[in-house]
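Please read them with the structure open.

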Amino acid sequence: METLAAEAYGYLSAGIGAGLVALGAGIGIGRIGGGAVEGTARQPEAAGDIRTTMIISAALIEGVALFGLVICILLAIK
Amino acid sequence: MAAGKEESGEGGSSFILDHIIDHHELHLGPLHIPLPHLEVFGIDMSITAHLVMMWISAFFLIVTLAVSTKRRGMVPSGFANMIEAIVLFIRDDLAVPNIGKKEADKFMPFLLTAFLFILACNLLGLIPFGATATANINVTATLALISFVMMLAGGIMHNGLFGYFKGLIPHGLPAWLLPLMIPLELMGLVTKPFALAVRLFANMTAGHVVILSLLGLIFIMKSLLIAPVSVAFALAIYLLEIFVAFVQAYVFTLLSAVFIGMAVHQEH
């Protein structure tokens, strides 16, 4: 078996990285959603506040996930 | 690099890059309108598609806001009502809780401009034949730089030039910890606008790349059977993109307000 070219390693790592990024984002935002739903179930009057906080936290965590994604895209392009 | 990608991907993936990056010509479908190349002191200041989109969004905002907020009395109605709702929302939920009642009004113009401009640019990118100016790292980096300057200006004007930087380091620290804390705090200061820029850029670009990839599947598979599935998924992501456009404009403004508040009131 020949050794992989440097480009191939770039594509491979970009793929694995993107998968891990999606995993991390999914787990993080899933936990936020779960906490939000549980909080709303305990106190339905706070539903509006909890929903706003949930969306903000989801956007921030997605920001971190997209940092990783940008690095994966750089790896795949170069 | 792009050429290599084209050979390996059967020429199927270069169109994604083509839709995301800036061009020296306006792409209106099959019509390509060339834009002038300008150079000022050796710096390339040519007019590109993203710049034209920023002008369109700025022009749209100026015209809409000027026309709808002409003085008609104390109680606005119609479109002015919505503008007032947005302004009050940003003042009462973003500026005042984070910056404090006294200084919030000084930063309101910047926060409103950031929110409305980013929102307009994001939404213009979703219209067919529109390009997203905020999907350009240079645009988001400039917006984050302006936010950073507002942060520093607010902090220095309220705490003094030396007092601001002194206030970054929590007091009551043993002296030998200072060589560690100073670079750490400075890095923390610089990370914030960097994160703002990359978050906005990546969110806008990622949405467009997903839509283009889903639609490009039809061409890669070379079969029309996948078209209904592809278009349905792309439509769902499109609706999500509209939501993300609003949320990202809001998060940028929120974090700017939080950082300005942290700079103005430095209490560790």
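**Notes on the predicted model**

1. Start with the hairpin. β1(B) and β2(B) form it, with 2 residues between the strands. B:Gly29 sits in the turn and has a positive phi of about 70 degrees. Please keep in mind throughout that this is a predicted model.

2. Strand β1, residues 25-28 of chain B, and strand β2, residues 31-34 of chain B, are joined over 4 bridges. One pair to look at is B:Leu26, whose bridge partner in β2(B) is B:Ile33.

3. Now the overall make-up of chain B. The secondary structure comes to 9 helices and 4 strands. From the N terminus on, the order is α-α-β-β-β-β-α-α-α-α-α-α-α. The C-alpha atoms fill a box of roughly 70 × 60 × 45 Å along the principal axes.

4. Burial and contact range in chain B come next. The chain has 268 residues, of which 27% count as buried. Take the contacts between residues at least 6 apart in sequence: 65% of them join residues at least 24 apart.

5. Helix α4 of chain B covers residues 79-99. After α4(B) comes B:Gly100, with a positive phi near 95 degrees.

6. Which residues of α4(B) are buried? They are B:Ile90, B:Leu94, B:Ala95, B:Asn98 and B:Ile99. Their cover includes α5 (101-124) and α9 (227-264) of chain B.

7. The largest nonpolar core has 52 residues. B:Leu111, B:Ile118 and B:Ile260 touch the most other members. Elements giving two or more residues to this core come from both chains: α2 (47-77) of chain A, and α3 (49-68), α4, α5, α6 (137-159), α8 (178-221) and α9 of chain B.

8. B:Ile118 deserves a separate look. Leaving out residues up to four places away in sequence, it touches B:Thr134, B:Leu143, B:Leu200, B:Ala249 and B:Phe252.

9. Is B:Phe129 buried or exposed? B:Phe129 is exposed, because it has 9 other C-beta atoms within 10 Å, and the limit for exposed is 12 or fewer.

10. B:Lys222 lies in the loop between α8 and α9 of chain B. B:Lys222 also counts as exposed, because 9 other C-beta atoms lie within 10 Å.

11. Last, the interface. How many residues of chain A are in contact with chain B? There are 12, and they meet 11 residues of chain B. By class, the chain A side has 9 nonpolar, 1 polar and 2 charged residues. The size of an interface is often given as the accessible area lost when the parts come together. The figures in this point are residue counts.

Methods
Residues numbered from 1 in each chain as written. Chains lettered and ligands numbered in written order. Predicted model: local features only at pLDDT ≥ 70, side-chain atom pairs only at ≥ 80, totals over all residues. Contact = placed C-beta atoms within 7 Å. Nonpolar A, V, L, I, M, F, W, Y, C, P; charged D, E, K, R; others polar. Pairing = 2+ DSSP bridges. Expected span 1.5 Å × (residues − 1). Buried ≥ 20, exposed ≤ 12 C-beta atoms within 10 Å, placed from the backbone. Core = buried A, V, L, I, M, F, W, Y, C linked by C-beta atoms within 7 Å.
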